[in-house]
Structures are given as structure tokens and as C-alpha cells.
Amino acid sequence: MKEFQETLYDSISQCFRIDRMYFEHKTEHQHLMIFHNAFLGRVMTLDGIVQTTERDEFIYHEMMAHVPILAHGRVRDVLIIGGGDGAMLREVCKHRDIERIVMVEIDAEVIEMARQYLPNHSAGAFDDPRLELVISDGMDFVRGAEAERFDVIISDSTDPIGPGEVLFSDDFYGQCRRILKPGGAMATQNGVPFFQIDEVRQTRERMGRHFADQCFYSAAVPTYYGGIMTFGWGSDNPELRRVDRETLAARLAASDIETRYYTPDIHLASFALPKYLLDALEEPAADAAQ
Ligand code: AG3
């Protein structure tokens, strides 16, 4: 029996049975695997870490796309950093009023292989005429962006190891802030705090330097095991994350999007954090400089 054992944490790990291997290759940037598991469906891993599975991807992608977009209410321009599997793009594309979606992915092979072996993730979204796909390092893109501005920026990154590390830097958050329109919002993948507690402290310090309102919201994604995953939130408008239930419900109804995880109540509740996390956020980060 073949198995995939995740190598994310030192002293514990999760193990998936590989029922069929579709693809395994060292790309120019990372080690990519796509395999089938009887329970989870197709699973994609990068550098030994589970990125997404067919069974539970809806939780992560709905929460990272619909929370900032519906909190904002009038989104025209969206920037997705990373997200090569295409599921974030799929969720963003569901909002018909969005006019322009720029997606910046460092690894062309991830897109190519996900389109082939994880077709349900993008579900045709790569053909959406509103998409401008850029193959580049997200950090280089935001640094080089001149006149363009976005209402929502979503950082659908890996963990801060390897190519994803720069997407957790002070400079990255600062550049994103610079290219966000007034009243816009940024959402980031920020790890599972039960295991990756310093990541929330670092993000609070680094992102907090650039955004008048910085906080976290969360969701439990089964294959990012260990309890809740946090998402970083940054905006210059603190009211954005306090939009009331009725407004969110009206926006969701107007968008005519069917969700499987997201509801206006979940949206509002996701900004409530457990005490261990609030306590940790009171402590200084081990290494907040970069
Ligand atoms: N990227 C986030 C994977 C995080 C896994 N890390 C963890 N379990 N701490 C997902 C990309 C999906 N589009």
C-alpha cells in the first residue's frame, strides 16, 4: 500500500493512502504530487505538504473569496496571489459584477497539471475573459505594480517555507496595502495556529504595520488538520469586517451564488477567535523584522 506522509511539522504528521498516483514531478519551483484517495478524492501536495483536496477545498476557497468580496460589496478588481489549482479563481469568478481578475502564480506547471488532473477545482475558470494570468513571483508582481489598484487582494499561498516565504514578509504586506484601493480588503492564508502559533504573531506585527485594521478570521479545514486555520485580514476600513448580517445576506442573495460552507452567520462568527489565540497575539513575535 502506498502512502503519502505529510512533512509539515516535526513531531507529528498525517498520512493519506495513495489509491492512484496521477502525477509526481519536481517542477522548476517545488515538488508537485497529485493523487487519488478513496475518501478525499484528488489530492494535491507541494513539497510534502497537502495543499488541497476535492472533498474539503470548498471550505477554504469559499472563506477566502466570499468573506472579503461580500464584506466589501462593490468589488470590481481582484488580485489573487498564488492559487495555481484554480479553485480560488473559480469562487471569485462566481461574482458577476467583478470586472477584472489578475492572478499571479509562480509555477506554471502547477496550473497546467491542476487543469489536467484537478479539473473540478478551476471548473473552467481559467477560460473566463475577465482573467489576466501572470506567471511570476507574487512579490515581484506587487513590487512592480504601478497604476493598477485592487478592491480585494487574496493571498492563496503555501506555508511560509520555500517560494511562499516572501508572501509573509513585511514588504509584501506593505506593497499589497499600496495597491489596494481605499476601502479595500486583503485576505491571506495564515496557517493552523495550534501548530503554527508564531505565524499569527508575525503576521499581526508585519501586516499590522501597514493596515489600519488588521485581524484574523478562521475556518476549520479538515485536511489542514489541527483545528482552525487562520486567515489574515487587512483593511483601512475597520467597518468592513463589521458589516451586518442583513447586508451580507442581501449581497449573497443578489450574487446568486450557492455556497456549501459560507453563510452570513459563519462570516461574522469567523472573526471571533479562541482565547489561546488572543493570548498568543498579546505576546511579541519571535522574529517579526523581515
Ligand atoms: N494553500 C494553503 C495550504 C496550507 C497548508 N498548511 C497547513 N496545513 N498548515 C492552499 C492552496 C489551495 N488553493
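The legends below describe close-up views of a predicted model. In this model, local features need pLDDT of at least 70 and side-chain atom pairs count only at pLDDT 80 or more, while totals for chains, interfaces and linings use all residues. Residues are numbered from 1 along each chain as its sequence is written, and side-chain values use heavy atoms, with hydrogens and water left out.

**View 1. The shell around the ligand.** Of the 14 residues around the ligand, those that come nearest are His61, Asp85, Asp156, Ser157 and Asp159; a residue is near if one of its heavy atoms lies within 4 Å of the molecule. The shell comprises 6 nonpolar, 5 polar and 3 charged residues, where Asp, Glu, Lys and Arg count as charged and Gly is among the polar ones. At least two shell residues each come from strand 6 (49-53) and helix 1 (57-72), both being DSSP runs (helices H or I, at least four residues; strands E, at least two).

**View 2. Polar side chains at the ligand nitrogen atoms.** A polar side-chain atom of Asp156 lies 2.8 Å from a nitrogen atom of the ligand, and for Asp159 the distance from a polar side-chain atom to a ligand nitrogen is likewise 2.8 Å. An N or O atom in the side chain of Tyr9 is 3.5 Å from a nitrogen atom of the ligand.

View 3. Glu132 and Arg100 meet through their side chains in a salt bridge, 2.8 Å from N to O, the rule being a side-chain nitrogen of Lys or Arg within 4 Å of a carboxyl oxygen of Asp or Glu. This pair links distant parts of the chain, with Glu132 in strand 9 (residues 131-135) and Arg100 in strand 8 (residues 100-105), 32 residues apart.

Conventions: Polar contact = N/O pair within 3.5 Å; in protein donor to acceptor, adjacent residues only side chain to side chain.
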